[in-house]
Amino acid sequence: MTDTDPLVPVLAGLVVDVVWFLDSCEDDEVNPDSAVKMMESVSWVLLGLPQDQRDRFLKVLRDLAEAETDPGRREFLRAFPFACGLVEDHES
């Protein structure tokens with residue numbers, strides 16, 4: 001896949017949406033322990049990416065956030081790299 005491959009932002013957006021769902025769902029929707037395990041797994045996989053792929057993923061997230069019209073999703077996209085440990089500063 002290249003930076004211009006339309007699949008890249010779609011898949012990045014899906015990863016973020018799954019984590020957002022797990023983070024915001026009620027206990028009767030998804031077992032909280034299972035949700036935490038899955039979110040930790042997503043973070044672990046993303047942290048294991050080679051630096052160039054991680055940088056590409058972060059750029060895609062910034063582009064998605066910039067284009068996002070829903071304020072809640074836009075903020076989640078912006079906070080996602082920090083929440084997953086991909087960056088040390090929420091503003092990075």
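Which residues lie nearest the centre of the largest pocket? This is a predicted model, in which local features need pLDDT of at least 70 and side-chain atom pairs count only at pLDDT 80 or more, whereas totals for chains, interfaces and linings use all residues. Residues are numbered from 1 along each chain as its sequence is written, and side-chain values use heavy atoms, with hydrogens and water left out.

**View 1. Lining of the largest pocket.** Of the 12 lining residues, V8, L11, L46, L49 and F57 lie nearest the centre. A pocket is an open set of points on a 1 Å grid over the protein atoms alone, where a 1.4 Å probe fits, with protein on both sides within 12 Å along at least five of seven lines; lining residues have an atom within 4 Å of a point. The lining comprises 10 nonpolar residues, one polar and one charged (Ala, Val, Leu, Ile, Met, Phe, Trp, Tyr, Cys and Pro count as nonpolar, Asp, Glu, Lys and Arg as charged, and the others, Gly among them, as polar).

**View 2. The salt-bridge network of D17, E68 and R73.** A salt bridge places a side-chain nitrogen of Lys or Arg within 4 Å of a carboxyl oxygen of Asp or Glu. R73 meets D17 at 2.8 Å, N to O, and the closest N and O atoms of R73 and E68 are 2.6 Å apart. Both R73 and E68 are buried (under 20% relative accessible area, with exposed over 50% and partly exposed in between, for a 1.4 Å probe and protein chains only), while D17 is partly exposed at 30%.

**View 3. The salt bridge between D63 and K59.** These side chains meet at 2.8 Å, N to O. D63 is partly exposed at 39%, as is K59 at 43%.
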